[in-house]
Amino acid sequence: MRSIWNGAISFGLVSIPVKLVNATESHAVSFRQVHTEDNGRIRYRKVCELEDREVTQSEIGKAYEGADGEMIPITDDDLSHLPLPTARTIEIVAFVPADRIDPLQMDAAYYIAAAGAPAAKPYTLLREALKRSHKVAVAKFALRGRERLGMLRVVDDVIVLHGLLWPDEVRAPEGVAPDVDVTVRDKELDLADALMDTLGEVDLDDLHDEYREAVEEVIAAKAAGETPPAAPAPAGDGKVLDLMAALEKSVREARESRGGAGEADVRNLHGRGTPKETGARKSTSRTAAKKTASARKSTSKAGQAKGAAKKTASKSTSKATEKKPAAKKAPAKKGAASGKRSA
């Protein structure tokens, strides 16, 4: 990898010759500007305003424009002799815990390589000291025409320099947060926690730029004279009408996509259920109890009616039995009377 800066790390009285290498690269698809009528390339030429002619790169220098429009030439030699210790030095000024660095300040990253064999020992010393202290080094350095703030940390066995924005370059978030009073319920937080747990963690190496891949597919299709792939239907208009319903659906879909439990687990998040579900269960149980009680009353009334019918039938049977012997005695009286007469 080609180095972009050569200098030294100043670590107290220790000087470590180093060079910087870009730690990141862009994979974005680049486009050219063309004339829409004939696809001719649109090019920008560097023209001197005073002579009205195109100039070469070797004829171009730097200048500072004053308030009155005057151009003050600044050469590379002027910048190389700045009265700063950081002109060619990464000057370490402090060692702090990593959480003291606000991520908003993070800028470009560079690998720091030891410049030559003599730098290997002090380079390794600084690397191991950073590892053992569990701290990062805050440093100042000059790059691309200005002094910058930086942070040194260890990645694997390499010291990495992260450019940092100066504190006054980070804007205050005034007027960004919602200016209305919002109450978040515990159930909503529970569902949000459940969604976070369901989504879980991810290996960043598994993530990739889907936008770039889609652009490459469009380019490949047009180059082959084919119709570019159709865009998928939009997921929605982004409006959340029912926060609880959206959270429940999100948890359910996340669990289903991971082969987990479905709606039953989502309902368990509510404990005994929502007020509507609780009311429905109560009304259902009351209705069932009323039906059961009504059925019992009907059954007991029917039983009482059957008992009364049995008693009535028993009484009528006994009365009929009592009357039948009396009917049999009547002829005996007649026989006795006739016997008396014959005598």
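Colleague: How many nonpolar, polar and charged residues does the lining of the largest cavity have?

Modeller: The lining has 6 nonpolar, 1 polar and 4 charged residues. Nonpolar stands for Ala, Val, Leu, Ile, Met, Phe, Trp, Tyr, Cys and Pro, charged for Asp, Glu, Lys and Arg, and polar for the others, Gly among them. The model is predicted: local features need pLDDT of at least 70 and side-chain atom pairs 80 or more, whereas totals for chains, interfaces and linings use all residues. Residues are numbered from 1 along each chain as its sequence is written, and side-chain values use heavy atoms, without hydrogens and water.

Colleague: What makes D107 and W166 part of the lining of the largest cavity?

Modeller: A cavity is a set of points, on a 1 Å grid over the protein atoms alone, where a 1.4 Å probe fits but cannot get out, and a lining residue has an atom within 4 Å of a point. D107 and W166 are among the residues that line the largest cavity, so each meets that 4 Å limit.

Colleague: Why is the pair of F11 and F95 called edge-to-face?

Modeller: Rings of Phe, Tyr and Trp (its six-membered ring) pair if their centres lie within 6.5 Å; planes under 30 degrees apart are stacked, over 60 edge-to-face, and the rest tilted. F11 and F95 lie 5.9 Å centre to centre with 70° between the planes, so the pair is edge-to-face.

Colleague: Why does F11 count as partly exposed?

Modeller: Buried means under 20% relative accessible area, exposed over 50%, and partly exposed in between (1.4 Å probe, protein chains only). F11 has 23% relative accessibility, so F11 is partly exposed; F95, at 34%, is partly exposed.

Definitions and conventions:
1 Å grid on protein atoms, 1.4 Å probe; cavity = no way out; pocket = protein on both sides within 12 Å on 5 of 7 lines; lining within 4 Å.
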